[in-house]
Amino acid sequence: MSADSPSSFDLRRWLIKAGPFLGLVAVYTLFASLAFEHFVSWSNTSIMLQQTAVIGVGAIGMTMIIISGGVDLSFGSLIALSSVVIALLLQEGWPPLAAAMAGVGVGALAGLVTSTLITRLKLMPFIVTLGMMLVLRGAAKGLADEQPVYPPDETWINSLMQLRPNGLPSGVWLMLGLAVLASLMLRYTKFGRHIFAIGSSEATARLCGIRVERTKLYIYIAGGAFAGLSGLLQFAYLTGGDPTTAVGLELNIIAAVVIGGASLAGGSGTILGTIIGALIMTVVNNGCNKLGLSNWIQEIVTGVIIIAAVTLDQFRRKTRS
């Protein structure tokens, strides 16, 4: 049977689609075989899902941006800024719900600024978001006076990431609920179809009557809001706001999206694949900790995963072409 026969081609495409799930099974099996007693347990599974929530929620927003052909390097800084804003407002006596909404609102506002610079000034997303990464990190450090901020009283926000003996933290359920809603939006709404159309070919999307600039505006605002929600979960995880947290987390988020099947060239990707990609990143980090590996080894492993994810993206594009 030749390599180009229909049956072998279908198998290859199936393997590509199932790749993220097979990768998750592979890394989980690897670490389970190396550290079974410490790795395979409900308590550790609960911890891994808890750790996935922050990356997973941010990755949902990043998926929409990457499908549209863009990228946002400021997510890590935005998560830090949102956590600091929430902490400062709680310290000032704001109601928890209002403080949480303000943190998410800061993310949406940053997304508005980013998208305005991209669509109005026709600047490259990579350059704009690289600059925003520094601006937002500096703003977080300035607001917090370069120190972690811990509100005096605990609120329901702190319980979002608390582990439960026979259940999952609320933050995990929040991630799953948002993933379902985002999947339905991408699959069944006009806005979702426009995101894929812009990522596939911006010029064709314009000819089809899609208002590209306005759609990009909404995409980056939504992406920023998801980053703000990640900041809310990070605040709950740390029980405070930290201007130095989530440094480099944007790379893990982007890697999760690409490992999950999205193309950095735009036009393809799924929320389910992204969540699986986020789980892979968490399983690797958790497994390295259980094996007692040093941080520098974990950093090397994470870097290799990111390179592998980009290589896989190139392979997928060649397959489609």
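Start at the N terminus and read off the elements: they run α-α-α-α-α-α-α-α-α-α-α-α-α. That comes to 13 helices and 0 strands, where helices (H or I, at least four residues) and strands (E, at least two) are DSSP runs, numbered from the N terminus. Keep in mind that this is a predicted model, so local features need pLDDT of at least 70 and side-chain atom pairs count only at pLDDT 80 or more, while totals for chains, interfaces and linings use all residues. Residues are numbered from 1 along each chain as its sequence is written, and side-chain values use heavy atoms, with hydrogens and water left out.

Now for the overall build. Along its principal axes, the C-alpha trace spans about 70 × 55 × 35 Å. A compact globule with 321 residues would have a radius of gyration near 20 Å, and the protein agrees, at 20 Å; the radius is taken over C-alpha atoms, and the globule rule is 2.2 Å times the number of residues to the power 0.38. The accessible surface comes to about 15,200 Å², 66% of it belonging to carbon and sulfur atoms. Those areas come from the Shrake-Rupley method with a 1.4 Å probe, and for residues only the protein chains shown count as cover.

Of the 321 residues, 50% count as buried. Buried here means under 20% relative accessible area, exposed means over 50%, and partly exposed is in between (1.4 Å probe, protein chains only). As for who touches whom, contact means heavy atoms within 4.5 Å. Among contacts between residues at least 6 apart in sequence, 77% join residues at least 24 apart.

Which residues touch the most other members of the largest nonpolar core? They are Ile60, Ile157 and Ile253, in a core of 86 residues. The largest share of this core, 12 residues, comes from helix α3 (residues 42-67). A nonpolar core, by the way, is a set of buried Ala, Val, Leu, Ile, Met, Phe, Trp, Tyr and Cys residues joined through side-chain atoms within 4.5 Å. In soluble globular proteins, nonpolar side chains tend to be buried together.

Leaving aside neighbours within four places in sequence, Ile253 is in contact with Ile55, Gly58, Ala59, Met62, Phe75 and Ile79. Ile253 is also among the buried residues of α11, along with others including Leu249, Glu250 and Asn252. Helix α11 (residues 249-259) is mostly covered, with 10 of its 11 residues buried. Just after α11, Gly261 takes a positive phi of about 115 degrees.

Thr239 follows α10 and sits in the loop between α10 and α11. Thr239 has a positive phi of about 55 degrees although it is not a glycine, and at 36% relative accessibility it counts as partly exposed. Lys122 also has a positive phi of about 55 degrees without being a glycine. It is found in the loop between α5 (96-120) and α6 (125-143), and at 55% relative accessibility Lys122 counts as exposed.

Beyond neighbours within four places in sequence, Asn286 is in contact with Phe39, Asn44, Ile47, Met48 and Gln51. Thr302, in helix α13 (residues 295-320), is buried as well, at 14% relative accessibility. Not counting residues up to four places away in sequence, Thr302 touches Asn252, Met281 and Asn285.

Phe39 brings us to the aromatics. The structure holds 3 aromatic pairs. The rings of Tyr28 and Phe39 have their centres 5.0 Å apart and their planes at 55 degrees, so the pair is tilted. Rings of Phe, Tyr and Trp (its six-membered ring) pair if their centres lie within 6.5 Å, and planes under 30 degrees apart count as stacked, over 60 as edge-to-face and the rest as tilted. Tyr28 counts as partly exposed at 28% relative accessibility, whereas Phe39 is buried at 0%. Tyr28, Phe31 and Phe39 form one aromatic cluster.
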